Amino acid sequence: MNYKDIKTKEQLSEWMDKITYGYKGKTKYHTYEENDFNDVWYNEYLLSAPNDVIKSKIGNCWDQTELERYWFKSKNYEIKTLYEMVKLPYENPYPTHTFLVFKDNNKWYWFENADFQNRGIHEFNTIDDLINYQQEKYIESLKTFSIKDEELKNIILKEYEKPKSNISAKEFIEHVINSKDYKGE
């Protein structure tokens, strides 16, 4: 199936399943299998525009969320894009994550592709139920990094608007950190 033929959220999920986890760098695309993938990303990363992801079929959660935003907005869904991280006063090895949620027929859905363990479309009666569930999954993933309980108290959740394309990792993080805290409904 070609991207332009996608009509439903289920078809989008199926199509996105073929995206390779990686990112657009300043000179080339980087994929998860590369030995220096994590070492160079902060200095190399550029946020892909949705069309870049469509063409390359490569993107990390930040890139994939922007592709999802593009598709869901084109279908007039009510959406929120969210960013979570462990914010500490020192450098840490813990991953950040972005994801999209949407409302359909008075229910909320977590649309996930980049997080392989939770890939799919997850239905909830309320957005608060969705966020609580998703945050539990984020904490589970952080525990694989041997995070300390004290550090878990420093998870932040931001609701952010569409960033510019082709910005650096630093610029993207500044964009989301300066967004409003997600407080629930």
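The largest pocket holds about 1,400 Å³ of space, a volume being the space filled by probe spheres set on grid points joined across faces, edges and corners. This is a predicted model, in which local features need pLDDT of at least 70 and side-chain atom pairs count only at pLDDT 80 or more, while totals for chains, interfaces and linings use all residues. Residues are numbered from 1 along each chain as its sequence is written, and side-chain values use heavy atoms, without hydrogens and water.

On a 1 Å grid over the protein atoms alone, a pocket is an open set of points with protein on both sides within 12 Å along at least five of seven lines, a cavity is a set where a 1.4 Å probe fits but cannot get out, and lining residues have an atom within 4 Å of a point. Of the 37 residues lining the largest pocket, Tyr21, Pro93, Tyr94, Pro95 and Thr96 come closest to its centre. The helix α5 gives the most to this lining, with five residues.

One cavity of 30 Å³ or more is found. Its lining includes Cys61, Gln64, Phe111 and Ala114, and α4 gives the most to it, with four residues.

Note on methods: Helix = DSSP H or I, 4+ residues; strand = E, 2+ residues; numbered from the N terminus.
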